[in-house]
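Today I am opening my notebook on a new structure. I want to look up who sits beside whom, one entry at a time.

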Amino acid sequence: MSTASVDLNKLAQFKEMQKQGWAHFAPLEALTIPQAAKLVNHAGIRAGQKVLDVACGTGVVAITAAQRGARVSALDLTPQLLERARENSALAGTTIDWHEGDAESLPFPDAAFDVVVSQFGHMFAPRPDVAIGEMLRVLKPGGTVAFSTWPPELYVGRSFAVTGRYLPPPPAGVSPPAVWGDPNVITQRLGDRVKNIYFDRARMDVPVLSVQQHRTNIERTVGPLVKLVEMLSANDTARLAQLRAEFESLAAEYLHDNVLRQDFLMTRAVKI
């Protein structure tokens, strides 16, 4: 999607809403820590490599990579998450080059990194072609790009679709994040700039006592849903009740023995 077809003012407003919404994510951090090790392993990160973590959140992937001996830089749009990431890094005794910034405009030179990774992060950049173009630009030829995303047909991807039915339409040119979970779309977006594309599946098991508890937790922490609940609470409580009923019905399909199953996709490729 070219920038010419996008209203840049609306795009800036959309990103500001994302920044505000994701500021509440930190309580979910513990769920992402085991998945961080899976992504670092999937990417084959080794000591001495220069690694960039895009949309790093609270820093769990960046810190895991640094503990393996990598030289790590990390970037996120949301300052509150970077503050938590710095705290986590200090506690872990790791040294990481943190940046507040946009996945669609990475503040690094061409071919600066051996590995570029993102855990459930770059997929929220509104223009996927721009984001993946930037990730590949800063990656060395022969370097590895690897990321984790949510498939559209499984729980998290389906929950995005529920949210999308209640949110105002996004600006023209903005792509739904769950499309990043489709291997065919990923292959198309990476195109002829990479080789040796490899996909794998993994699962995040979320402890849940009830669908109501889970729904309440994600209303307080998941960026787009935080802003949507704020809007509906102020303007349309009947529609909010409908949204909550849909979320609880969907979660019930995946909840067994106090565990909500969240399957995800991992991708790895080598830049040509």
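**Entry 1: charged side chains.** I started with a network of salt bridges, and I found K15, D102, E104 and R127 linked in it. I kept in mind that this is a predicted model. Side chains of opposite charge can pair when their charged atoms come close. How many salt bridges does a search of the whole structure find? The search gave me 16 salt bridges.

**Entry 2: a bridge between helices.** Next I looked up R165, which forms a salt bridge with E246, and the closest N and O atoms are 2.6 Å apart. R165 lies in helix α6 and E246 in helix α10, so this pair ties together parts that are 81 residues apart in sequence. I then checked accessibility: R165 is partly exposed at 48%, and E246 is partly exposed at 25%.

**Entry 3: two more bridges.** R203 and D205 meet through their side chains in a salt bridge of 2.8 Å, N to O. I noted R203 as partly exposed at 36% relative accessibility, and D205 as partly exposed at 38%. R261 and D263 also meet in a salt bridge, at 2.6 Å from N to O. Is D263 buried or exposed? I wrote down that D263 counts as buried, because its relative accessibility is 16% and the cut-off for buried is under 20%.

**Entry 4: aromatic rings.** I turned to the rings, and the whole structure holds nine aromatic pairs. One of them is F120 with F264, edge-to-face, with 5.1 Å centre to centre and 85° between the planes. F120 lies in the loop between β4 and α5 while F264 is in strand β8, so the pair ties together parts 144 residues apart in sequence. Both F120 and F264 are buried. I also found one aromatic cluster formed by W22, F25, F124 and F160.

**Entry 5: charges over rings.** I saw the charged end of K50 over the ring of F113, 5.5 Å from its centre. R189 lies over the face of W180, at 4.7 Å from the ring centre.

**Entry 6: helix α8.** Which residues of helix α8 are buried? My list reads V211, H214, R215, I218, E219 and T221. These buried residues pack against α1, α6, α9, α10, β7 and β8.

**Entry 7: Q80.** Last, I looked up Q80 in helix α4. Q80 is partly exposed, with a relative accessible area of 41%. The C-alpha atoms of Q80 and W22 are separated by 8.6 Å, though the two residues are 58 apart along the chain.

Key
Residues numbered from 1 in each chain as written. Predicted model: local features only at pLDDT ≥ 70, side-chain atom pairs only at ≥ 80, totals over all residues. Heavy atoms only, no water. Buried < 20%, exposed > 50% of the residue type's maximum accessible area, 1.4 Å probe, protein only. Helix = DSSP H or I, 4+ residues; strand = E, 2+ residues; numbered from the N terminus. Contact = heavy atoms within 4.5 Å. Phe/Tyr/Trp six-rings, centres within 6.5 Å; stacked < 30°, edge-to-face > 60°. Lys NZ or Arg CZ within 6 Å of the ring centre and 35° of its normal. Salt bridge = Lys/Arg side-chain N within 4 Å of Asp/Glu carboxyl O.
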